[in-house]
Amino acid sequence: MTTLVALMLFFPLAGAVLQAAFSRSLSRAASGTLAALAIAASLAAALAAVWNLGVAPHEITLGQWLAFDGFSANFSILYNRLAGLMTVTVTFVALLIHLYSAIYMREDTSFARYFCYLNLFVFFMLIIALADDLVFLFMGWEGVGFCSFALIGFWHEELPNVDAGRKAFLMTRVGDLGYVAALAIVIAASGSASITGLTAQIDAMPTATATLIGFLFLFAACGKSAQLPLSSWLPDAMAGPTPVSALIHAATMVTAGVYLLMRLEPLLAIAPDVGATAAVIGAATALYGAACAMGQRDVKRILAYSTISQVGYMFLAAGCGDVSGAFFHLQAHAFFKSLLFMVAGIMIQAAHEEHDIFRMGARLRRAMPGLFLLFACGAAALSALPLTSGYFSKGRTLADAIAHPGPAYLLAFILGAVAAFLTAVYVFRLCFVAFFSDPADPARLLSDPELARMERPLWPLAALALGYGFVNPPEFMGLKPWLDVYLAGTVTPLPPNVEHAEFFVEMIDAVLAVSGLLLAWLLYRPARHPVAAPAGALTAGLGLDAFYRTWIAAPYCRLSARLWRGVDEDMLDGAAMGAATGLLTLSRVAARLGSARPSTTLTTLLGAAAALLTWLALRLT
Amino acid sequence: MRQLPWLSLLIFWPLVAACCLPLSRGDATACRRFALLAALGELALAGLIAVLFAGPQPDLPVIEDLAWIPSLGIRYSLSLDGLSLIFVVLTALIGVCCMVASRHDDAKRPALYYALILAALSTVQGIFLASDLFLFALFWEAQLIPVFFLIGIFGHGDRMRVAIKFFLFSATGGLLMFLAVIALGILAANGPTGPTFALTDLTHAAVPVTVGRWLFAAFVLSFAIKIPLVPVHMWLPDAHTEAPTAGSLILAGLLLKTGGYALIRFALPLFPEAAHTFAPLLTALGIIGLFYASAVALAQEDVKRLIAYSSIGHMGLAVAAIVSGSRLALGGAVVLMVSHALTSGGLFSLAGMIGERLGSRRFEILGGLWNKAPRFGAAFLFCILASAALPGLSGFVGEAMIVFGLFKTHIWVGVLAVAGMAVTLVYLLRLARDTLFGPARSPLPFADLNARETALLCALAVCILLLGLFPGPVLSLAAGPLDSIAGLVWPAATPGL
């Protein structure tokens, strides 16, 4: 098992190092193949590891990192069924995205840098999935943050792209401060911080401490997963190449926050306030994201807000303590959202880099029927049309909320249900506008056989988007919930009242999704010739980004300039210069007293003698 | 093996080499080769000492002790323990980096240039090895001389004014410390030990509380200027801006570290009571420095000035950690100083290369360097990330230990140190953005790293990675000496954090 896990981590890292070392000599095809091979090998190792995995978790230590004065951090791994499934999901989606990328980046000259970062990202993401020691996990946590920064700003000739990457890095770093603080508290108490250690000592931990640590980790998770109030970096992150958005900003990295909460489930179990907060934050973010998605015209920004919204549902489930439900939605979302992003990538390339859905229209569907079919699969799952994967997984999260007693969870349920309705509306708004309308000012269409080749890796995802729900169907259908059963020994089992609630919730969910579809049809059907609403509060993400700009970024820049010019140069340096000038003046005066003119010298001498005599006289009397 | 005067060899080998350099002053290539060989010899010597005395059978400390001025109790006494060894190896390494950092600054008078660098190395090694206070003060003053000439002769722009500023600041502090050393010697001469300047004897000398506080203040003022702590930092940005690349390497990599080292080695154990009294003040100055320098760095218009302010920020955090009373944070401060020497060494070398290629280091003419010189860009980004404490690189080890240690003793200082990780990233990302990315704002060509520069940065990168991933050897070297020093100052501190 140790070998398999080590190999799983080794291949993507080796791939990244090779890409960096031979960036000049690798041909485009070799670079893409090498990167995909590295991920394929990692996927093979992940599959083999899962195959050999029993119910009992494996605790593996790959070596010691730090040890000083009672504090220690190790390269240690907790490989249980949750981690096993997560690694398979990550490497599987990553492999398809690598295959897609090889064609998507066909005209870019920096392909080696691209694949280097992409492989490196998978390496760090696997660390997050596997790590037991929370300091080691933090290496992956910050590592994916860096890769995200580098890939958002991949086309770095354009400063807005770099700024988007910088914003993502900074905002997630702000969240990470919570992570470090939580680590520090745990370490101050016990000298080391690991998931197994926390779980073992959980009974001895006071509730107040657990709550504090839980809130700090929740803050970190909000940063990474773009939840309120740290969500405003994700829409801008769409500046990166579209496969990157699919991999990092939809399928894997943004779900790392939820995954962390899942791994820390024992901690959340004894800190109910944290769970309730996570659930409410998640539901509120789900509604926020869905509402903001309504106001976007850029297909990628729609999907970005949709990601914020969907990750909110995962927070909701994780906050309710339903790990397998949250993980179910994480997987389903990884499949259908990466599918949708990659479809969006083809749409954008087909429309000559046009992102505006109001300039695409029915011609696109007629030119690329396969693409439309793929999109329809993803859209059906995202909007939770009955029997798709998203239907079951989202229904499960809502059932968690309603089954939980307490007003906070009821509020979360209501928010989540409204968001579910809005989700269907914005998804089919996107669908009808981008694939059915007849725009007045359409973008030119590109016909390139490569576009059709890019569709190929997407079909498995489309199948999963439609059918993956049957891995974990609700109880009332009388089928076996494989995922719950598989995870049963690893995480807290599902309380029975959730299962009972599911029938009711799934019915509501179906009604909401279908009525959302109908409303979207009423509003955006081709016969109405939909036009974009003028940009408003929803387009700007309800002003959250502007708020941070005006009240944090701009004042800090002003402060910085004022401190430099005002305090550093004028006050401190000025004081030093003033002292120097003062000394210089003093020395001039002294020099004049002993200058060449005999009269001055004489006066000085007599004056000094007089002063001395006076002093002596005063002392003697 | 112990009979050989290893420590004297460490100190005087570069000085002898420096004296030999004028022999080949006509030939620049010969000078460079000779200087590089001398620095490599120093590194090999340091490595050999590390292997011999800190290897599988550690045999530290290594001591050399000779009578020098017996009537005053002044001895030529050197001592090398784990803590010294870390900095000795670092000094030798930075020395090699200085030799290959630039082929531009040394053009004027190569023999003098390299002789000054070697002399600077020699005095810095002396500071890290001296265990007699008088000898220490001597090396402390002596280190100013080569650096003064290095900046004053080989610097850019307004170099002489800046060199004098540097000298006056440092000499003022040094003078006060020298007075304090003499006062301490006089106090001790009336005690049971008789006239002595040995650190171990003075540590146990009975110093009246008030006197101890004044002497501590004099010591710390001198160290604070060297570190530098806000508000006595004004010499550093100027000195860096005008210094040649090797001068910046020595300043950031070595001189600043002598301040931190001396604070740990001398100020704390000599005046434990005063250290307690002044700890809140020093912590406040360090943390203020962290935020202040981070904010000021963001507004800078010159690459080197920005990196100089980042030094002030990092060293501020280190000072807060040193006086915190947490052994973990103290160890973290040592790692942070070593890491900072490596990362800022890399950044200053790269900034120097920008200056050589474009004739200016102002942000208004930079931008787009990644496309012009991808290897340069990768190295620059790597150093920035290490400086930003990305886990896996050296900066993280130090900062993590400091934060975790501070949380144990002073939770609010710990919280501020955590917040410091965000403000640090702000200016570092600005540095990356305005240098590497965006459209090129200068039409001048920008050659990628050549073999010499690649070797330099690869060596630094390997050290940064090693320290970041396998800090074990460094930590175990530092553990013993730091524990005994902390035991003198914070005896009640619970073991284990």
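1. Over all chains, the structure holds 53 aromatic pairs, where rings of Phe, Tyr and Trp (its six-membered ring) pair if their centres lie within 6.5 Å, and where planes under 30 degrees apart count as stacked, over 60 as edge-to-face and the rest as tilted. One of them is the tilted pair of A:Phe123 and A:Phe124, with 5.3 Å centre to centre and 55° between the planes. Both A:Phe123 and A:Phe124 are buried, buried meaning under 20% relative accessible area with a 1.4 Å probe and protein chains only.

2. This is a predicted model, in which local features need pLDDT of at least 70 and side-chain atom pairs count only at pLDDT 80 or more, while totals for chains, interfaces and linings use all residues. Residues are numbered from 1 along each chain as its sequence is written, chains are lettered from A in the order in which they are written, and side-chain values use heavy atoms, with hydrogens and water left out.

3. A:Phe335 and A:Tyr468 form an edge-to-face pair, at 5.1 Å centre to centre and 75° between the planes. This pair links distant parts of the chain, 133 residues apart, with A:Phe335 in helix H15 (residues 323-350) of chain A and A:Tyr468 in the loop between helices H21 (458-467) and H22 (482-487) of chain A; helices here are DSSP runs of H or I with at least four residues, strands runs of E with at least two, numbered from the N terminus. Both A:Phe335 and A:Tyr468 are buried.

4. One aromatic cluster takes in residues from chains A and B, including A:Trp65, A:Trp141, A:Tyr179 and B:Phe396.

5. In chain B, strand S1 (residues 62-69) pairs with S2(B) in the antiparallel sense over 7 bridges, two strands being paired if DSSP finds at least two bridges between them. The bridge partner of B:Ile63 in S2(B) is B:Ser79. The hairpin of S1(B) and S2(B) has 4 residues between the strands, and B:Gly73 takes a positive phi near 75° there. Strand S2 (residues 74-80) of chain B is mostly covered, as 6 of its 7 residues are buried.

6. UniProt, in an unreviewed entry, lists residues 130-420 of chain B as "domain: NADH:quinone oxidoreductase/Mrp antiporter transmembrane"; such annotations may be inferred rather than shown by experiment. In the model, residues 130-420 of chain B are 80% helix and 0% strand, and the end C-alpha atoms of this span lie 34 Å apart.

Technical notes: Buried < 20%, exposed > 50% of the residue type's maximum accessible area, 1.4 Å probe, protein only.
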